[in-house]
Amino acid sequence: MSRPKVMTRAVIVGHKSILKQTIEALYDTNLFHIEDFVEDESGFKIDKPFENAGDISKKLVKIRSIANYLGTTSNEPVVQKTGTVLRELDSNLDELDRGISEKTESIIKFQNELKDLDSQKKELLPFLSINLDFDYFRGYESIKVFAGTIKGSLEESQISSITKAFELYVDPQSKSIVLFVANADADRVYELIQGLGFRELRIPERGGVPSETLRLIEQKEAEVSRKIESTKAGIDSMKSKYADFLLASDEILSIESEKAELPLKIATSANAFIIDGWTPSEDYDTVVSAVNSATAGKAYISKLEIEEEEEEHVPVEYNNSKVAAPMQQIMDLYSRPKYTEIDPSSVLLLTFPLIYGMILGDIGYALILGVLALAVKKAVKSEAVQPLMDILIYCQISTFIFGIIYGEFMGFSLASLHTAHGTIPGLIPGWETIVLFPGLSGEEVTFPVHRTHMIMTMIGATVTVGLLHLNLGFLLGFSNIARHHGFMHGLLEKGSWIIIEIGVLIAAIGLLGGNSILTYVGAAVFLIAVLMLLKGEGIQGVVELPSLMGNALSYSRIIAVGLSSIYIASTVNDIAFEMIWPDHSQIGFAAIAAIIVFILGHGLNTVLSIIAPGLHALRLQYVEFFGKFYSGGGVIYNPFGFIRKYTEE
Amino acid sequence: MVAGEAVMMSGPILDAAGMKALGAALAITVTGLASAWAEKEIGTAAIGAMAENEGLFGKGLILTVIPETIVIFGLVASLLINSA
């Protein structure tokens, strides 16, 4: 139940001649959250970016477009010296730019060549089996050449009925013909072949025997393809050569550009500047000494009092232990806490895995998912993934514990259970279920808890857990309000809910026990509490009263979602080991099929086991729990600075 | 065959236990459909909002699962019918 880090508002004032040094110093500490200056009547204005800003942006755009084209990523960043990178920046960038445009141009040229060759090849194909030198197709004075395709078939006899002076070549497969006739007969012959659906083909300009030409074209094609490959390989080698340079220079220039554009965010006059912002109070001295040493004490830094109405806008930085820190991810998914309220991350550390484990509660899945989460945590070093895996591991610890309480392993029951319909054997021989005490509606509470056999009791239990969780929320809400508006406000707005519950509880005990005095006392407490609520939250609060029951009943999803997971698992087990492979001593096709079904079924359920319990546990936190105390919407603390990954000074 | 037997016994097709089972089935089916319907509407809107601003994922998720409560209540009701 921690609060966000205590912040200090600081103002740095100085002459413009030390602005650059001040910015450098602030940037290096990475501890100062700068408030954007909004121009007002004070006469101060935002300034222009530093002179080099335009140049930096231009280079940055170039670098990013090249990196985008090459698709540079680096799994193991090589940290480079800023100085070296900057010195080589211009020459490297020129070389890259020239190299890449040269290579892409030649690739485009080669691709066009390929297209050209391809169309030449297509022109050639119909004449391939006729295989007549194309030089013979043209250059006659008294002979007409018909070259093309026909639809039907053309016999020599058909032409010889018109003229004796002809020469016909036919390729029956591609239906192409080449026909030489004397000019005098050309019209009549043309009429004939026109009737057969003749379509003229373009005769390739280049001479030579088609088969020979084809061989040459194919040779050329292979050659051009090889050239494309080698140019692409050249680009790849450029990529591997310059990948680290691109990442490093991108980082350096991003940093420089951020620094160069800071004057756009701060107040300046002709000769002075004011930087207004926030730093965690514990780091205030670090910021002061960094700025002082950079400017030789010429900058004037002072703390400002935080006024009450300002508190809403104070940037919020979490202040959690390393163990609870992963839960901040869950908080940020919802909304950053306000500076004035409790940061419930450390409460979530307890309640989120608890509810997740109560839902899933299976030793087998806990082990599978736990190992999986550990493996991903080892393999993927990304800052976005690590905390999620931590949360998953916390959840699996809780799932394992509840797995023991429930005595479940991959949907199998570990302990044997005696019921009215006979004994259901467990997976571990000799582990007998012990009856502890009677539960709701005739059920018995046992160890291990057989969820499928005591559903009503489990509904009661989960709703009770829900009420405890909700009341924890009311207590946190009480603490939030009491801190800022006094004890009475807290009591009226949040405490009244707890008193309402107490009143209902007393009345219920009175009703069930037949004690009418107790019933009246309970009713009186209830009424008083409702009046308190009316005073605290107004009519809205009273209207919200029934939602308390809805919220508490909502926790019955813990058992509902849990049952669905058990039923999927035990159905998979039934299909595999009762239906497909009932005879466990015979090893054969059925055994293999059963194992495949077992693995696929449980694989599916494992995925569902992250999603369903995770979502429902999350929802119970966000909707039911947070609804009682949390408002969120705080400003995220975003200090001016950068955590370098690829470079160092 | 079951129906045939019931006719042969000339009793009602649905006895008390059958009515109970049907009631329980209705409780879960109708609430399931209701949840699905409500979630469809919210989910569509949530995805639309996320397309504009990815930061709304958390809120969208919460809003989308809110109607899930309907089917949970349906499940509780059907369990209560069954055990009564």
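How many of the 84 residues in chain B are buried? Buried residues make up 26% of chain B, where buried means under 20% relative accessible area, exposed means over 50%, and partly exposed lies in between (1.4 Å probe, protein chains only).

This is a predicted model, in which local features need pLDDT of at least 70, side-chain atom pairs count only at pLDDT 80 or more, and totals for chains, interfaces and linings use all residues. Residues are numbered from 1 along each chain as its sequence is written, chains are lettered from A and ligands numbered from 1 in the order in which they are written, and side-chain values use heavy atoms, with hydrogens and water left out.

## The two chains

Chain B has 4 helices and 0 strands. Its pattern along the sequence is α-α-α-α. Chain A has 18 helices and 20 strands. Helices (H or I, at least four residues) and strands (E, at least two) are DSSP runs, numbered from the N terminus.

The table sets out values for both chains. Accessible areas come from the Shrake-Rupley method with a 1.4 Å probe; for residues, only the protein chains shown count as cover. Contact means heavy atoms within 4.5 Å.

| Property | Chain A | Chain B |
|---|---|---|
| Buried residues | Chain A: 45% of 649 residues | Chain B: 26% of 84 residues |
| Accessible surface | Chain A: about 33600 Å² | Chain B: about 5500 Å² |
| Carbon and sulfur share of that surface | Chain A: 61% | Chain B: 75% |

Chain A has a radius of gyration of 41 Å, whereas a compact globule of 649 residues would have one near 26 Å. The radius is taken over C-alpha atoms, and the globule rule is 2.2 Å times the number of residues to the power 0.38. Along its principal axes, the C-alpha trace of chain A spans about 130 × 90 × 50 Å.

Chain A carries 54 positive and 78 negative side chains. The centres of these two sets lie 5 Å apart. Lys and Arg count as positive, Asp and Glu as negative; His and the chain ends are not counted. Each charge is placed at NZ of Lys, CZ of Arg, CG of Asp or CD of Glu.

## The interface

The contact takes 18 residues from chain A and 16 residues from chain B. About 1500 Å² is buried between the chains, and carbon and sulfur atoms give 80% of that area. Ile62(B), Ile72(B) and Leu79(B) supply 30% of the area that chain B buries against chain A, more than any other three residues. Buried area is the accessible area (1.4 Å probe) that two parts lose on being put together, summed over both.

## Local backbone features in chain A

The peptide bond from Phe447(A) to Pro448(A) is cis, with omega near -10°. Pro448(A) sits in the loop between β18 (444–447) and α12 (455–485).

Two non-glycine residues have positive phi. Ala296(A) has phi near 55° and lies in the loop between α7 (284–295) and β11 (300–304). Ala296(A) is exposed, at 67% relative accessible area. Met410(A) has phi of about 50°, in the loop between β13 (408–409) and β14 (412–413). Met410(A) is buried, at 8%.

Glu141(A) is in the loop between α3 (82–124) and β5 (143–149). Glu141(A) is exposed, at 80% relative accessible area. From Glu123(A), Glu141(A) is 18 residues away in sequence and 25 Å away in space, C-alpha to C-alpha.
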